[in-house]
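Welcome, and thanks for taking a look at this one with me. Here are a few notes to read alongside the model.

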Amino acid sequence: MGHRERNQPRDVASAAASVRTTHDSRPTTHDSVARDERLISSALKIRYNPLVAAAGDGAWVIDADGKRYLDFGASWSLAHLGYSNADVRAAIMAQLERTMFAGLVSGINLPALDLAEKLVSLVPGEYPKKVWYGLSGSDASEAAQRLLLMATGRRRFVTFVGSWHGTTEATMALSGHPGFTGSLGGGNVTKIPYPNPYRNPFGGSSERVTDQCLDFLENYLFDTICPPGDVAAIFAESVQSDGGDVVPPPDFLPKLRALCDRHGILLVIDDIKIGLGRTGKMLSIEHAGIAADLVLLGKSLGGGLPLSAIVGRADVLDAGTGVALFTTVGNATSCAAGLATIEVIEREGLVARAAEYGDYLQRCLVQALDRYEIVGDIRGLGMIWGVELVEDRAGKRPNQPAAAKIVYRAWELGLIVYYAGNWSNVLEITPPLVLTKAEIERGVAILAEATADVAAGRVSDEAIAAFAGW
Ligand SMILES: Cc1ncc(COP(=O)(O)O)c(C=O)c1O
């Protein structure tokens, strides 16, 4: 049975009806925005519009007034299966019926073991593997740092400018995203340029951008401020997502792996955002045919519940006992949701579909948006795409206001999409993997209308004043 049939009982209309009925006295979007302003900390907000998500079905979100939005963001690449997958819901309910909580710190639960077995089987590499569980991508990055330092006895890390590995103090310090420049930690982290083909950090053409970035590390930084014998690991994203959905040249990961091997440095691939099928492979490193020493997963892994994982070298994940844990890590409910999520991805062929539909999405985006002078670059892999907005194509100066306005206008027209990037000027398109071709066409048509409106100056600065985004 296909995904859409399974979800038939909760179609969009009934989900919307459950949001508001004729005699409904539940709060409207207007009320909820005011309560949110009054009650919820700004520290956790990156808002692009006043969406109140009251229900969801497939790739659609329904707001508190019953209005439907097609979702091109999947809640920052979390909702791979959309918002109402019947199998994941059933797995969660079945586990809750057994027990409301079963942890992993001081006892064993079966869903954690089942999921670990599955995760180990997915990760390439001919070495003994184990799994560490957390609750959010950030804690996986942080635990990886701690365990790597303990396992290797080395003190340093190398990461990339533009990278986003988490929002704990240690993972902001590990990251190279401009949003984290206020965090001054990370004296042991050396950050190097990411091979961005559209904006070569070394200037000029992008033909040799991988070699330029890696030579800078190996033949300059390693000889000066960052002794390679002191580097425990390099953390990398295969597509640098929050840095602007940058797809590096195909030689990047193989050359990075080779560099690591030359110096006995471990390689950590952060697949928290793009893992589990989004790129058209189950794990992003499969595109490069390499093995990582640790793979980080999160976001989509929990099927909507909090869950993250590190999968990789047993000797690293066993570096200490009881040294990286929270009370709720590896809880049975989240793990049951995780296993069900992966099973649905496999059974419904969503990885191959991401590759196929991703090509279709690219064609639609190019056809609809390439005509605009403010669209500088359209790049992506599978079902992650970035549309980089510029003042003009020749100068390539980042056009942040255009990104904010297009995202806001698209929301008005019924499409959820976010922007990200080192200069906050890249529309990020990471839809649920269950999106249909008709939904791709619909979403791209809205994006094109929003872009046309912004290019023609029809969206005012005042309209977006309350939504700073990034
Ligand atoms: C690549 C990557 N790593 C780690 C994280 C942190 O995950 P979380 O915010 O779920 O803790 C993110 C979040 O956006 C991410 O994109």
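1. A cavity here is a set of points, on a 1 Å grid over the protein atoms alone, where a 1.4 Å probe fits but cannot get out. Grid points are joined across faces, edges and corners, and a volume is the space filled by probe spheres set on the points. The largest cavity holds about 30 Å³ of space, and the count at 30 Å³ or more is 1 cavity.

2. Please keep in mind that this is a predicted model, in which local features need pLDDT of at least 70, side-chain atom pairs need 80 or more, and totals for chains, interfaces and linings use all residues. Residues are numbered from 1 along each chain, and side-chain values use heavy atoms, without hydrogens or water.

3. Which residues line the largest cavity? They are Y48, A404, V407, Y408, Y419, I464 and F467, where lining means having an atom within 4 Å of a point. By class, this lining has 7 nonpolar, no polar and no charged residues (Ala, Val, Leu, Ile, Met, Phe, Trp, Tyr, Cys and Pro count as nonpolar, Asp, Glu, Lys and Arg as charged, the others as polar). Helix α14 gives the largest share, 3 residues (helices are DSSP runs of H or I, at least four residues, numbered from the N terminus).

4. Helix α14 (residues 400-413) also meets helix α15 (residues 437-455): their axes come within 8 Å and cross at roughly 130 degrees (axes are lines fitted to C-alpha atoms over the stretch in contact, with angles from 0 to 180 degrees between N-to-C directions).

5. On the α14 side, the contact (heavy atoms within 4.5 Å) includes A402, K405 and R409, and on the α15 side it includes I446, E449 and D453. By class, the contact has 8 nonpolar, 1 polar and 4 charged residues.

Terms used. Helix = DSSP H or I, 4+ residues; strand = E, 2+ residues; numbered from the N terminus. 1 Å grid on protein atoms, 1.4 Å probe; cavity = no way out; pocket = protein on both sides within 12 Å on 5 of 7 lines; lining within 4 Å.
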